[in-house]
Amino acid sequence: MKNEKTQVTLSGALRSVFGFESFRPNQEEIVGNILAGRDVFGVMPTGGGKSLCYQLPAWLREGIAVVISPLIALMKDQVDAARENGIPAAFINSSMSQQEISAVCASLRGEKARLLYIAPERFAMPHFLLFLKGLPLSLFAIDEAHCISEWGHDFRPDYMVLSTITKEFPDIPVAAFTATATPKVQEDIIERLGLRSPFIVRASFNRPNLFYEVRQKTRVKPQVLEFLRERVGESGIIYRTTRDSVMEMAAFLTSHGIKALPYHAGLSAQERSSNQEAFSRDEAQVIVATIAFGMGIDKSNVRFVLHADLPKNIESYYQETGRAGRDGDPAHCILYFSRGDVPKIRYFIDAMPDAPERSLAIEKLNRVVEYAEHAVCRRKRLLNFFGEEYPAGNCKGCDICTGTIERKDITTDAQIAMSAISRTGQRFGAGHIADIVTGSDTKRIRELRHNEIKTFGAGKDKEKTEWRFLLNELVAQDMLVQEGHPYPVLKITPKGAEVLYGRKTATAIMRKTDKQKAGPESPSWHDEALFERLRILRKEIARTHNVPPYVIFSDKTLREMSGRMPETLQEMRRVSGVGDQKLLQYGDPFLSEIGKYLAENPGIRSAGHGDAGLADTNYKSPSKKKKGETAEETYALFRQGMSVEDIARHRKLSPATIAAHLEQLVRSGRDIDIARLVDRKKLDEITAVFRTSGQWGLNPVIEHFSGRVTYEEARIARAWLQRQR
Ligand code: ADP
Ligand code: MG
């Protein structure tokens with residue numbers, strides 16, 4: 001498999017079928033091994049590109065590849081996506097009528113399909129097995145393979161029947177994939193499926209494009225709303241623990257003009273699937289959900305995953321955040337954390353009948369709390385949890401490493417608190433200790449004569465809540481332990497004693513007040529207005545084809561198009577994600593939209609400021625001038641005090657072009673007095689329209705002002721607002 005010819009064919013097929021330039025880590029080896037007829041077991045993170053690992057061999061090998069996937073809601077999208085790439089595909093599941101199933105079976109006998117998606121339970125039907133045996137099969141691909149293991153976190157009895165697969169089909173290679181498997185679960189899966197000395201891949205769990213952050217949870221609904229206000233038009237998932245809180249949050253956001261839909265197991269199947277579909281098709285901006293929502297959400301442009309409540313364990317947190325940024329573009333994962341959430345989960349755990357299970361659940365919960373509370377790189381912590389070392393000292397992709405968090409010396413406060421604990425015999429809880437140090441005059445304090453101890457009132461300068469916070473911090477850092485249930489008392493650990501007796505210092509992490517630097521980097525340069533237009537076009541096409549928009553092109557692909565602005569099919573073909581089939585089907589409509597845009601905005605190509613998108617040698621400028629130069633001229637004139645019209649006249653360019661320059665200049669962070677371009681009142685009103693419309697399209701603004709705001713003003717205002725984020 002290693003000879004050059006195969007290599008060439010593989011990457012050739014990658015380009016022509018999927019339109020991708022290169023393989024992601026491990027994909028090539030997996031494809032090679034499947035093609036050689038070997039069983040494969042692959043653990044790759046969500047968004048790692050597992051589908052391609054079996055779709056490419058399915059395309060290259062003779063016969064039909066059978067894909068077993070547990071989620072019938074998703075099959076149609078997966079089949080649509082494969083078809084859009086020109087791979088003949090079909091699915092059979094229980095949602096179909098007997099007639100529909102017969103039609104698919106007939107087409108399979110005619111070898112029309114290369115890929116067949118089925119749910120595992122179909123495997124338990126003898127007549128179906130018989131039918132499969134009569135087909136020329138190329139391979140079996142088992143998605144979400146961890147469902148076969150009882151040790152995994154998502155065991156499905158349906159999957160058990162797959163343990164006969166290698167006996168029933170001894171000559172067909174089996175490739176099993178999952179995004180979550182500890183080494184123990186991995187062994188279990190391989191054994192249960194009976195894989196025959198498989199080629200094993202354990203990819204890194206690192207998701208470099210995800211930014212991890214923990215924020216102190218106070219009033220979570222307004223906090224989430226504030227975040228969403230900065231993310232107009234971007235898709236995201238908000239996780240909550242209970243159905244009620246899901247409904248409340250969704251209603252709250254809706255009442256503030258955000259298109260949010262709920263999702264939880266208490267809704268009817270019909271409601272759930274229509275909400276999921278609306279989200280998937282970019283008709284709803286956010287979905288507020290319990291953990292019932294999630295496995296196999298293939299939507300590639302989820303830009304943020306917010307946890308408004310504490311997840312139960314790190315596995316779920318990793319899985320849920322994993323749904324962000326599948327397209328590889330930057331995405332943001334925030335956990336809103338309050339210690340107050342811990343007892344709520346403990347309540348459920350304490351109700352578990354099985355003692356070992358209960359203590360395991362507590363153990364897992366503690367790991368999540370540590371994740372939230374400790375000043376350790378979030379990425380390092382997540383990866384360590386899965387047994388992976390993360391070597392870099394600074395991941396540049398979490399709040400700890402980017403320094404939005406700072407360390408503060410808390411030695412003196414820690415000593416005051418611990419001294420109070422020690423002097424009262426380590427027999428009281430956090431509330432009482434906080435009462436002592438703040439000098440509260442309570443009946444209990446007087447009865448116990450705790451107002452007579454030395455540290456009584458020593459911490460009067462701070463609120464009681466701040467002391468509670470400090471005590472939590474000391475617990476989190478193992479300087480104190482809480483013992484006893486349901487009325488835990490605080491005790492000093494040896495580590496705490498070191499601080500109490502002044503042998504060591506203590507520090508805590510605090511969120512810095514300026515939020516400027518937090519968050520993922522923004523994607524590479526592109527023209528936001530063109531991107532918006534291409535998104536609209538994509539949505540129209542998706543609607544007529546009855547598929548989700550991302551199946552046509554991912555956001556990443558559209559962004560690249562709106563940076564490179566291809567004008568010929570050949571140039572279009574170079575955009576990542578444009579394969580032969582998509583070029584054939586959509587090349588023309590997208591080219592013509594780009595062409596129209598360029599015609600309406602002469603000079604726009606040269607307005608951009610070179611970075612990622614422009615550095616590409618294929619990117620050509622129609623003028624002889626170097627990119628950016630012409631915008632620089634506009635900038636200089638603007639700084640001299642000239643108006644847009646003056647500059648246009650002076651430079652013999654259209655006002656639209658000058659406005660486009662200014663837009664790019666604003667976007668790139670130049671010092672531009674926005675008030676000279678859009679007056680303050682209008683700007684406020686435009687801001688409000690963007691907020692309520694929930695997207696960055698200009699039409700709502702233009703319509704709202706019915707002529708009082710020009711297209712140029714709206715565009716510049718938009719660039720300015722986006723820059724403020
Ligand atoms: P997984 O099933 O592992 O979670 P998917 O198969 O859904 O991930 O792939 C995630 C995204 O990555 C998809 O949008 C897919 O088109 C894209 N992708 C996969 N392989 C590549 C590649 N080699 N180059 C660029 N994008 C890729
Ligand atoms: Mg997948």
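This is a predicted model: local features need pLDDT of at least 70, side-chain atom pairs count only at pLDDT 80 or more; totals for chains, interfaces and linings use all residues.
Q: In what order do the seven strands of the open sheet run?
A: The order is β3-β4-β2-β5-β6-β1-β7, with parallel pairing. Strands (E, at least two residues) and helices (H or I, at least four) are DSSP runs numbered from the N terminus, and two strands pair if DSSP finds at least two bridges between them.

Q: Which strands stand at the edges there?
A: β3 (89–92) and β7 (199–202) do; each has a single partner strand, so one side of each lacks a neighbour in the sheet. Neighbouring strands are turned by 15 degrees against each other on average, direction ignored. Axes are lines fitted to C-alpha atoms, for helices over the stretch in contact, and angles run from 0 to 180 degrees between N-to-C directions.

Q: And β1, how many bridges does it share with β6?
A: Four bridges join β1 (residues 40–43) to β6 (residues 174–178) in the parallel sense. F41 stands opposite A176 in β6, and G42 faces F177 of that strand. β1 also runs parallel to β7, again over four bridges, where F41 is opposite I200.

Q: Are the β1 side chains buried or exposed?
A: V40, F41, G42 and V43 are all buried, meaning under 20% relative accessible area with a 1.4 Å probe, protein chains only. V40 and G42 point one way, F41 and V43 the other.

Q: Which strands does helix α3 lie across?
A: Helix α3 (residues 50–60) lies across β2 (64–68), β4 (115–118), β5 (137–142) and β6, at about 135 degrees to β4. Contact means heavy atoms within 4.5 Å. Helix α4 (residues 72–84) lies across β3 and β4, at about 165 degrees to β3.

Q: Switching topic, what is the order of the six-strand sheet?
A: This open sheet runs β8-β13-β12-β9-β11-β10, with parallel pairing. Its edge strands are β8 (210–216) and β10 (260–263). The twist averages 20 degrees from one strand to the next.

Q: What is the bridge partner of I237 in β11?
A: I287 is the partner of I237.

Technical notes
Residues are numbered from 1 along each chain as its sequence is written. Chains are lettered from A and ligands numbered from 1 in the order in which they are written. Side-chain values use heavy atoms; hydrogens and water are left out. Buried means under 20% relative accessible area, exposed over 50%, partly exposed in between (1.4 Å probe, protein chains only).
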